[in-house]
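Here's a quick briefing to read with the model open beside you. Let's take the layout, the cores and the packing in turn.

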Amino acid sequence: MKSFFVTTPIYYLNGEPHLGHYYATTIADVLARYNRKFADGAFFLTGTDEHGQKVAEAAKKNNVTPQEYTDTLSKVWENTWKDLGISYDYFIRTTNPTHKALCQLVIQKLRDSDDIYPQKYEALYCVGAESFVTQSELREGGLCPDHDEKPQIVLEKNYFFRLSNYKAKVLELIENNTIQISPESRRNEAIELLKNPEVGDFSVTREKVSWGIPVPFDTEQTLYVWIDALFNYMSGILAKKDIDINSLSLDEILDTIKDIWPPDLHIIGKDILKFHAVYWPAFLLALGVPEENLPKKILVTGFFLSDGRKMSKSIGNVIVPQDIIEYFNGITDGLGNDILRYVILREMRIGNDGDITKEKIIGIYESELVNKFGNTFSRVLGMAKKYGMKFRDLDIHHGGRHNPLQVDEDASVNEVEINFDLDSIKRYQSWMINYQIYEAIHTINRMLLSIGQEIEFYKPWELYKNGNTEKLEALMRNWLESLHQIVDVIDPIMPSTAKLMERLLAGENIHIFPRLEK
Ligand code: MSP
């Protein structure tokens, strides 16, 4: 059985992770955890993009060699994700020898098949974006659209990739959804790019950038950082499996990773759509990768804004997740990271831009985490305690779920049980399968709400007073079982909270989301 293969972009090492990076990585983490728990397992790949001019310049500024610089900084990234409990299966660095070997095999194969050819040219290049830009894309003052930088003029002899030979095929694959792109607006943008005659053959090597993977058949050249970067999605699996690719053909390589390959989901930001939706499939087609082995879906996120602009190291307006997490760690029992995860996923529908302020987080913390999650748990567990009922005494069958208000007031205990159903869980699962975490969270909130409504409807305190123990027990079992299911569905989204909730259900006297002091 193939496991769910999910990737984040690999991040440039010109700074430390900020909220924008945390966002994509958290989405991938939630989906990987979901698939491990509810489906056939996951392979979750993340890492760092270590070559190119941008990283070389950052190293120079710090007076160290690029290798020293990337060795130090990639550890910072890896440790940040580890500290945040990000459940990646492999952390790929593009300076990894397996990665380099794969890239050299790729460029050699493209040369052998005449998919690349040498050409002299002059163009504008933005180092911040590691991308060629055209005059028409520039902002006021001749600046790069995403960076406060003026592009450089580059005059070089390079090797060009015959993108023009593959555009029609990639277009067809996107239009017939062999490669899905979400949201729709980004799919349309990719289609526009593929129809745009200006998007043509492009340079895949650099002559004057020494910090890169050497081109095996031309010692003057290194690989363009973006080609190098995209192949991390393949080399990451090979490196994890520790496969020596030196004597293997690409077909044999793909055969060794078929329990994971192809990618089910690439999570990317909207600024790197062209690379993933146009260049990446075109390269794979040029290498002879069959259609069914191309990436299945590209999920394109919007930007975290700060002061109305993209949060970015180059712009200097970054918020780091740790600051927010520490604040909430001080209030809860180490749930700061979970709270931030919840809020960013609950606040931003994937694809939209958005910003997060401390006030916004506090608002959602109080209205949902305290008032719905915390409150429902303490209400149900408080009643169970008062009525002398323990979770394990009630013989809870994991997986049952009620359908609250359809239950008739006078229904017998058996009827109450018959009305258990799995609708909410199924709804949650179908959102998650479609990567709609925002809606999945909404479903969980509805589940909590329905428990509250049910309590109001059945008035268990009256049943207790009237000595209607049989019905009271049936209802309490129902509610406790529901809480258990909430733990299951919340686990991929807030794993530490789920653990605390389990301890609560086991009868420990702890508090999950305390009210903030005014
Ligand atoms: N190294 C390339 C990606 C190579 S993938 C084969 C790169 N790196 S990056 O560090 O500049 O950006 C990595 C990802 O972070 C991109 O998807 C980018 O969109 C995302 N973000 C960077 N700043 C962001 C925000 N302010 N908000 C949301 N995501 C943003 O591009």
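The C-alpha centres of domain 1 and domain 2 sit 43 Å apart. The chain is split into domain 1 (4-301) and domain 2 (357-505), with bounds that come from an automatic or database domain assignment. This is a predicted model, where local features need pLDDT of at least 70 and side-chain atom pairs count only at pLDDT 80 or more, while totals for chains, interfaces and linings use all residues. Residues are numbered from 1 along each chain as its sequence is written, and side-chain values use heavy atoms, with hydrogens and water left out.

**Where the domains meet**
- On the domain 1 side, 12 residues are in contact with 12 residues of domain 2; contact here means heavy atoms within 4.5 Å.

**The cores**
- The largest nonpolar core holds 93 residues, and Phe373, Phe377 and Phe513 have the most contacts inside it.
- Such a core is a set of buried Ala, Val, Leu, Ile, Met, Phe, Trp, Tyr and Cys residues joined through side-chain atoms within 4.5 Å.
- Buried is under 20% relative accessible area, exposed is over 50%, and partly exposed is in between (1.4 Å probe, protein chains only).
- Not counting residues up to four places away in sequence, Phe377 touches Gly382, Leu483, Ile486, Val487, Met501, Leu504, Leu505 and Ile512.

**Ile437**
- Look for Ile437 in helix H16 (residues 437-458).
- Ile437 is buried, at a relative accessible area of 1%.
- Leaving aside neighbours within four places in sequence, Ile437 is in contact with Ile27, Val30, Leu31, Leu345 and Met432.
- Ile437 and Leu31 are 406 residues apart in sequence, yet 8.5 Å apart in space, C-alpha to C-alpha.

**H6 against H10**
- The axes of H6 (residues 184-195) and H10 (residues 273-286) come within 10 Å and cross at roughly 55°.
- Those axes are lines fitted to C-alpha atoms over the stretch in contact, with angles from 0 to 180 degrees between N-to-C directions.
- H6 and H10 are therefore oblique to each other, as angles under 35 degrees count as roughly parallel, over 145 as roughly antiparallel, 65 to 115 as roughly perpendicular and the rest as oblique.
- Arg186, Glu189, Ala190, Leu193 and Leu194 in H6 meet Leu273, Lys274, Ala277 and Val278 in H10.

Key: Helix = DSSP H or I, 4+ residues; strand = E, 2+ residues; numbered from the N terminus.
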